Amino acid sequence: MSAEAGGIRSNLIQELFWTRTGLLLLILVVTSGASLAISSQMDSGTARNLLTALGTGTLISAVVSFTQTLITSKAAQKALLAPVIEESRKALIELTQEYRALDREFFPSHVFEPTAKPDPVFNQLMMQDLERTRLYCFRGFAGRYAAGRVLLSQTECELRAVLADPRDDNAISGRARYLLRNEGADGDYDEIQKRLKEQIGIGLVGLYAARSRCSRIDVTIVSDPPLDRLELFDDSAWLTLYSNTAGVLRPYPRTLRFTESSFLYAMERAEFLRISNSKAGYHFAITPATSRNDFVALFEKITGETLTIDGFTELEGKFHAFRREFSASAQLRS
């Protein structure tokens with residue numbers, strides 16, 4: 001049995017010298033050396049021959065024993081350590097796979113920190129997901145970004161959107177408070193609410209402008225939309241955390257991307273379908289066949305405001321100005 005003494009044994013030779021076998025080999029070497037040294041000082045005779053024979057035999061025994069012990073110890077080390085190493089390697093591989101599965105299920109694949117301007121990497125990756133999707137689900141505030149992304153996309157998809165009710169002040173209060181905190185002490189809550197209501201009108205006109213790029217656009221207007229924006233594709237879910245007020249606030253909050261294999265993707269998809277199919281919201285559809293008169297009638301039902309020709313043209317111009325500014329700052333194809 002081996003025992004450590006004063007340090008860690010780093011190789012097989014050192015291992016041998018810290019065992020009882022090593023001690024016996026040392027005794028043999030010392031005995032052989034002493035016998036040969038004494039015999040070399042003696043006169044010829046029986047005693048000298050005996051000591052020489054003892055020293056030579058002992059030296060040969062030490063060399064043979066050392067070689068045999070070295071080979072045996074190496075073989076034993078392989079026989080004992082190899083299975084342990086292999087089992088440890090298998091256990092580590094299984095543990096790594098388990099952690100990776102947990103990462104895919106509970107942790108985001110990408111994290112984008114808050115920015116003052118649109119992040120090109122963020123938007124380019126989201127556009128790649130949009131190009132591969134058949135169903136684009138958007139749960140947000142005004143729908144301007146959803147309409148802009150659809151117009152920038154080169155593929156056709158079905159769009160389902162959940163938007164805030166512009167006639168209900170409580171529906172836009174959460175976003176208004178976030179913007180007010182971002183603007184600081186000089187922010188005007190009433191002015192922010194007015195601006196947000198206009199953004200909803202711009203977003204509705206944008207969705208109408210994007211109708212030819214989608215097989216169908218289903219819109220649900222709700223009075224209590226979740227504060228965080230959700231953009232759901234066939235293979236990913238993007239959560240923009242307007243509810244996260246920790247740290248420095250930016251116009252573009254922290255965003256997390258989850259893959260379709262994650263638990264959160266399934267949970268958010270189920271929640272989106274629940275809201276978009278709820279009887280509590282106002283549902284309508286925009287198709288490529290929807291005429292301007294039909295849209296004007298829908299706009300009045302949603303906002304409570306009559307949309308004139310000049311008003312439609314003004315909102316349409318503001319939407320396309322927003323789209324061009326967004327695509328330029330995000331470095332997307334316009």
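Me: How are helices α4 and α5 oriented to each other: roughly parallel or roughly perpendicular?
Reply: In this predicted model, where local features need pLDDT of at least 70, side-chain atom pairs count only at pLDDT 80 or more, and totals for chains, interfaces and linings use all residues, helices (H or I, at least four residues) are DSSP runs numbered from the N terminus. The axes of α4 (residues 120-132) and α5 (residues 144-152), which are lines fitted to C-alpha atoms over the stretch in contact, with angles running from 0 to 180 degrees between N-to-C directions, come within 10 Å and cross at roughly 70°. Angles under 35 degrees count as roughly parallel, over 145 as roughly antiparallel, 65 to 115 as roughly perpendicular and the rest as oblique, and therefore α4 and α5 are roughly perpendicular.

Me: Which residues of α5 make the contact with α4?
Reply: Contact means heavy atoms within 4.5 Å, while residues are numbered from 1 along each chain as its sequence is written, and side-chain values use heavy atoms, with hydrogens and water left out. On the α4 side the contact involves Phe122, Asn123, Met126, Met127, Leu130 and Glu131, and on the α5 side Arg149, Val150 and Leu152.

Me: How many disulfides does a search of the whole structure find?
Reply: A disulfide is a pair of cysteine sulfur atoms within 2.5 Å, and the sulfur of cysteine 137 lies 9.6 Å from the closest cysteine sulfur, that of cysteine 157, which is too far for a bond. For cysteine 214, which is in no disulfide, the nearest cysteine sulfur, again in cysteine 157, is 4.6 Å away. Across the whole structure, the number of disulfides found is zero.

Methods: Helices (H or I, at least four residues) and strands (E, at least two) are DSSP runs, numbered from the N terminus.
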